[in-house]
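I opened the notebook to look at helix packing and ring contacts. Here is the structure I worked from.

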Amino acid sequence: MRKQKRKVPDRPLYHVLDAIGLAVLIGIFLYLILRWKELPDRIPSHFNGAGVADAWSGKGMLWFCPVTAALLYGMITLLEQFPDIWNTGVEVTPENQERVLGAVKLMVVWMKLALVLDFAWITLCSARGTGLGAWFMLVSLALIFLPMIWCMVRIFRSR
């Protein structure tokens, strides 16, 4: 018996979140390219839990976050194309497929956006030679975990 191919619902919200993430990703690359000559030679390359710079490097390290974000964004986008390999945490049936896969897709698209926003903020702060802000850790964790929890609740209610 052949396993039925999973079909993920296509919702405008997924495209909006993807477009925002891609725009931020492209924007951070453009920022570095257009402002490269104005950037300081020495930039913060590590921040402590309070968002204060505690290590410094050459400005070439500014490319680390955007390149890492682009690679992760690309890999996650590629994996989005194969819903049959997604681990949903619940059995996907024809009756719940749209709700479960819709919630998983929303979680994945939101995680991509959160990842890009975090890396972009770190890059901007490093380029400006400033700290991340004491609020960064809390906001970053909230951007990741609140939508994840919300989507997981939706998934498990869809069983």
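**Notebook: rings and helices**

I started with tryptophan 135, which is partly exposed at a relative accessible area of 44%; phenylalanine 136 is buried at 11%. (Buried is under 20% relative accessible area, exposed over 50%, partly exposed in between, with a 1.4 Å probe and protein chains only.)

A note on the source: this is a predicted model, where local features need pLDDT of at least 70, side-chain atom pairs count only at pLDDT 80 or more, and totals for chains, interfaces and linings use all residues. Residues are numbered from 1 along each chain as its sequence is written, and side-chain values use heavy atoms, leaving out hydrogens and water.

I looked up the aromatic pairs and found 4. Tryptophan 135 and phenylalanine 136 make an edge-to-face pair, 6.4 Å centre to centre with 65° between the planes. (Rings of Phe, Tyr and Trp, its six-membered ring, pair if their centres lie within 6.5 Å; planes under 30 degrees apart are stacked, over 60 edge-to-face, the rest tilted.) Phe29, Trp36 and Trp63 are linked into a cluster by ring pairs.

Next, the helices (DSSP runs of H or I, at least four residues, numbered from the N terminus). I checked α2 (residues 64-80) against α3 (residues 97-128): they pack at about 175°, axes 9 Å apart. (Axes are lines fitted to C-alpha atoms over the stretch in contact; angles run from 0 to 180 degrees between N-to-C directions.) The two are therefore roughly antiparallel, the word for angles over 145 degrees. Among the contact residues are Tyr73 of α2 and Lys112 of α3, contact meaning heavy atoms within 4.5 Å.

Last, I found the charged end of lysine 112 over the ring of tyrosine 73, 4.5 Å from its centre. (This requires NZ of Lys or CZ of Arg within 6 Å of the ring centre and within 35 degrees of the ring normal.)

Definitions and conventions
Parallel < 35°, antiparallel > 145°, perpendicular 65-115°, else oblique.
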